[in-house]
Structures are given as structure tokens and as C-alpha cells.
Amino acid sequence: MAVTASATVPAPVQQVVVTFSDEEFIRHVTHRAGATLESVEVVGDVEAQFAVTTVRTMAADRLPEMARKFVGSSVQLTQVDSYATADAEGIRVVRTEISVGALPVSGSATQTLTPQGETTDVHVHCVVKANIPFVGKMVAEAAEPFIGKALSLQSQEAEAWLANR
């Protein structure tokens, strides 16, 4: 099972890219998601190919019930967003890899940022894998909606964030 989400952000693609990679914005979205930002590292030029590595800690009570059985009181999430250079039409593709602490659970997503004049269509497709004997598929299926919501939250919060800038 995969999760897809789409949103339109009222800003050009490059402004959305700069926002999505801004530490202050990442901290804001992390807080809105009920997690704590541990670190952010941006490597490369946001005008071209670059990567953002984000480490967050989230209380286990915010996880799907099925996943809570495998963690302590909190879990650390590491997210690496690898931004490709814009193509000829100005589309930016972001490959996201998410790992969940020491658990054999991971998420892979592709986020496509497509220019539509002065707005940007954001489309996310995410798949979660849990390599846990007997219950891995159930854990992945329980986690996918939460990851989909978290990725959608980024686009939703970007609209309000940009309106106040």
C-alpha cells in the first residue's frame, strides 16, 4: 500500500524549495507535528542539486498503536530529502528516505514540485516498509497514513508561512 497526497502552494517553485529547506520553517512544521527537531543539515546549493537531512524525536504515544509495541517512550526519525536540479519545465523532484531509529522500518517518498505560474503543485507518493517478522505489513500499513499526513502538513504550513513573510 502506498500513500499519495497533493496540495497547491501559492508561491513559485524556487520559493517553495527555499521554504521547505529553511531551518526555521522545518522547526515550525516539526513542532506542529508534535515532534522535536534535533538537527538540520543542508548540503549543496538550493538553486541546484542539494540535500536536507533532518533528525526529529517523536513521543511514542503519537505513533500508530501497532508500532508502539516496538519502541520505548520516543522514537528518532531521520529524513533525507534529496532535491534534483529543476528540469526544462522548472519541475523539481525530491527523493525522501525516512528511517525510524533502530527499527527495521523505513519510508521512501517522491515529491514532485510542479510550477503552475505563480503557484506550485506539490504531489507526494510514499511507501513504508517494516521488516518485522509476522507483523511488518501491519506496522507499515498503520504507519503510512501518519507519514502521508506529515508530508502533507509541510505543504499546508508552507502556505501560511509564506503569507506571513
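How many bridges join strand 5 to strand 6? The points below answer this and describe the rest of the fold.

1. This is a predicted model, in which local features need pLDDT of at least 70, side-chain atom pairs count only at pLDDT 80 or more, and totals for chains, interfaces and linings use all residues. Residues are numbered from 1 along each chain as its sequence is written, and side-chain values use heavy atoms, with hydrogens and water left out.

2. Strand 5 (residues 92-100) and strand 6 (residues 105-116) run antiparallel and are joined by eight bridges. Helices (H or I, at least four residues) and strands (E, at least two) are DSSP runs, numbered from the N terminus; two strands pair if DSSP finds at least two bridges between them. Across this pair, Val 93 stands opposite Thr 112.

3. Strand 6 is also joined to strand 7 (residues 119-130), by twelve bridges, and these two run antiparallel. Ser 108 stands opposite Val 127 here. The two strands form a hairpin with two residues between them, and Gly 117 in the turn has a positive phi of about 70°.

4. The open sheet has seven strands in the order 1-7-6-5-4-3-2, with antiparallel pairing. Strand 1 (2-9) and strand 2 (35-44) each have a single partner strand, so one side of each is left without a neighbour in the sheet. On average, neighbouring strands are turned by 15° against each other, direction ignored. Axes are lines fitted to C-alpha atoms, for helices over the stretch in contact, and angles run from 0 to 180 degrees between N-to-C directions.

5. Gln 111 lies in strand 6. Gln 111 counts as buried because its relative accessibility is 4% (buried means under 20% relative accessible area, exposed over 50%, partly exposed in between, with a 1.4 Å probe and protein chains only). Not counting residues up to four places away in sequence, the residues that Gln 111 touches include Phe 20, Val 93, Val 124 and Gln 154; contact means heavy atoms within 4.5 Å.

6. Helix 1 (residues 13-20) lies across several strands, among them strand 1 and strand 6, running at about 150° to strand 6. Helix 2 lies across strand 2 and strand 3, at about 150° to strand 2.

7. In helix 2 (residues 23-32), Phe 25, Ile 26, Val 29 and Thr 30 are the buried residues. They cover an arc of only 135° around the axis, which puts them on the same side of helix 2; the arc is that of the directions from the helix axis to the C-beta atoms. The face turned away from the buried side carries the exposed residues Glu 24, His 31 and Arg 32. Gly 34, which follows helix 2, has a positive phi, near 80°.
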